[in-house]
Every structure is written in C-alpha cells, then in structure tokens.
Amino acid sequence: MIPFDFDYFLPKTLQEAISLFQEQDKKGKKPYYYSGGTELITLARLNMAYTEAVIDLKKIPECRAMGFADNVLVVGSSLSLTEIEEANHFPLLTQTASEVADHTSRGKITLGGNIGAKIFYREAVLPFLLADSIAIIAGTEGITARKIGEAFNEKLQLKNGEFLVQLITERKWIDAPFVHIKRRQQWETGYPLVTVAALKGGDGIRLAVSGFCPFPFRSEKMEAALNNEQLGVEERVAAALKVVPEPVLNDVEGSKEYRRFVLKNVLHDILARLGGVGLKA
C-alpha cells in the first residue's frame with residue numbers, strides 16, 4: 001500500500017501533460033510522470049518516493065506509437081515491455097525486453113519507465129545506444145529530438161518537467177546481426193551480474209553493457225579494442241577489459257573480480273558469435 005494520497009491525472013495530449021506538470025509543480029505537489037507505475041509503487045512503499053500528483057502518460061497517442069514510418073522504427077515510451085516483445089519489430093530489443101524482470105512485471109513495466117528508472121540497470125536502453133537512436137523529448141521547451149548518446153549519459157538527462165515520448169531507430173540497425181547475453185548469479189530472473197548487447201555494423205562490433213557498473217554504458221574504447229585487427233582474440237578481450245569504465249559494481253550480486261571474470265567470458269562469446277573486424281563470423 002502506498003502510504004500517501006495523491007491526485008491522479010490522465011492527459012490525452014503532450015501539451016496537456018506538460019501543462020499539468022507545470023501547474024502541479026507550482027503548487028509544490030512534486031508531480032510525477034507515470035506510465036507503468038511499478039517503480040513508483042515499489043519505492044513509495046519503501047518511503048523512497050513521494051508525490052502529491054501523478055500524471056499518467058498512457059493515453060497520449062505519441063507515447064503509444066509503435067511501427068515503421070519510412071525507414072525508421074518508432075517505439076513509444078508508454079508501451080509495456082511485453083507489448084514490445086510481442087510485436088518483435090526490433091529483435092535485439094525484443095530479446096533485451098524479454099529478459100527484464102519476470103513475465104508478470106514486464107506486462108506493467110514500460111519502455112520509458114525502464115530507461116528512466118532510478119534502479120540503475122535500465123537494460124532496455126542498450127539496443128538504442130548501439131543503434132544511435134533518436135530520443136523524442138517533451139517539455140516546456142516543446143518537442144525536441146536528441147541523439148541517444150546526448151539524452152542518455154548513465155541515466156536519462158531530463159530537465160524538470162520533461163519526459164521521454166519515443167525512440168526512433170534507423171531500419172539498417174534493426175536487421176543487423178546481434179548478440180544479447182545476460183548472466184545472473186542464479187535463477188532465470190533477478191538482477192544481472194552482467195548484461196551485454198552487441199550489434200555488428202559496417203564499423204565492426206558495437207557493445208553496450210548493464211549490470212557491470214552502477215549505470216549502463218556503451219564504450220567506444222572497448223569497441224576499438226575488440227575490433228583491433230592487429231590483435232588476436234585473447235589480446236582483444238584483454239585490451240577491452242583494460243578500458244572498462246569505473247567503478248565496477250561490488251555488491252551482493254557479485255564481487256567486482258567475479259564480474260570481470262564473467263565479462264571476460266561474455267566478450268569471448270561475442271567475438272565467437274559475431275566475429276570482429278578481421279575475424280571470421
């Protein structure tokens with residue numbers, strides 16, 4: 001049970017949602033954009049989140065969009081991970097979404113909720129980081145389009161009152177060869193030790209990681225090491241591990257040493273399955 005009362009709003013347009021946020025913010029009600037609600041419910045029960053005004057984005061058509069337009073895929077932020085999984089427009093995203101939490105939770109967790117979560121795994125962003133997707137953001141400055149690498153740096157970079165509307169991805173990345181590997185300490189659900197998504201494009205392997213650091217990341221330094229034609233497989237993996245971001249997580253799910261061991265094996269698997277530049281796929 002959530003231990004506080006709040007007003008509930010269900011806007012039908014982007015502008016209505018933005019105006020509601022401004023109005024409630026001026027009243028000091030700490031407005032909260034909501035879509036699936038799983039994180040708000042969880043954190044509120046732990047007294048780690050509080051609001052007096054919830055603005056539900058599920059009835060805004062732009063936030064529910066999904067499909068191809070011209071040569072790009074549009075995915076709305078209020079779609080549940082199950083809806084994305086069942087539509088299967090972007091196979092790497094499908095696989096990533098299908099391994100977040102359990103089946104029941106995925107029916108509630110939305111794309112925007114996962115990427116914008118306070119819980120730092122935010123695995124649904126990995127395919128979009130690899131595909132150089134465009135994030136559509138709504139806020140008091142209107143509707144803006146930002147490169148995902150600018151909109152997401154460790155977490156969504158949103159100003160007060162902004163929210164994620166859509167993610168747009170070029171079709172060429174939709175059909176690219178990919179690998180998705182999630183390693184947990186045990187069982188088939190639960191938080192990951194390491195989740196790695198990789199795409200192979202004309203510039204070689206692209207790599208994005210969650211669960212290794214207290215934030216998801218795409219590392220061009222690691223990609224350069226894995227695609228170095230002058231090195232053998234062992235040397236490429238060793239060079240990639242030397243440039244992983246810091247800090248490495250060291251928690252109940254696994255020590256930092258064990259996470260490095262797991263990531264090393266995962267990188268070997270990725271090179272074996274995708275092949276790097278100069279390696280046979």
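Two strands count as paired if DSSP finds at least two bridges between them. With that in mind, welcome to this predicted model.

**The sheet**

Strand 1 and strand 3 (residues 53-56) meet that rule: three bridges join them in the parallel sense. Zooming out, the open sheet holds three strands in the order 1-3-2, with parallel pairing. From one strand to the next, the twist averages 25 degrees.

Helix 1 (residues 14-26) packs on this sheet and touches strand 1, strand 2 and strand 3. The direction of helix 1 makes about 175 degrees with that of strand 3.

**The nonpolar cores**

In soluble globular proteins, nonpolar side chains tend to be buried together. Here is a quick look at two such groups:

| Core | Size | Members include |
|---|---|---|
| Largest nonpolar core | 30 residues | Leu111, Ile115, Ile148, Leu167 |
| Second, separate core | 28 residues | Ile181, Leu241, Val248, Ile270 |

In the largest core, Leu111, Ile115, Ile148 and Leu167 are the residues that touch the most other members. Helix 7 (residues 126-130) supplies the largest share of this core, four residues.

Which residues does Ile115 contact, leaving aside its neighbours within four places in sequence? They are Arg122, Ala124, Val125, Phe128, Phe152, Leu156 and Leu167.

Technical notes
Residues numbered from 1 in each chain as written. Predicted model: local features only at pLDDT ≥ 70, side-chain atom pairs only at ≥ 80, totals over all residues. Heavy atoms only, no water. Helix = DSSP H or I, 4+ residues; strand = E, 2+ residues; numbered from the N terminus. Axes fitted to C-alpha atoms, helices over the stretch in contact; angles between N-to-C directions. Contact = heavy atoms within 4.5 Å. Core = buried A, V, L, I, M, F, W, Y, C linked by side-chain atoms within 4.5 Å. Buried < 20%, exposed > 50% of the residue type's maximum accessible area, 1.4 Å probe, protein only.
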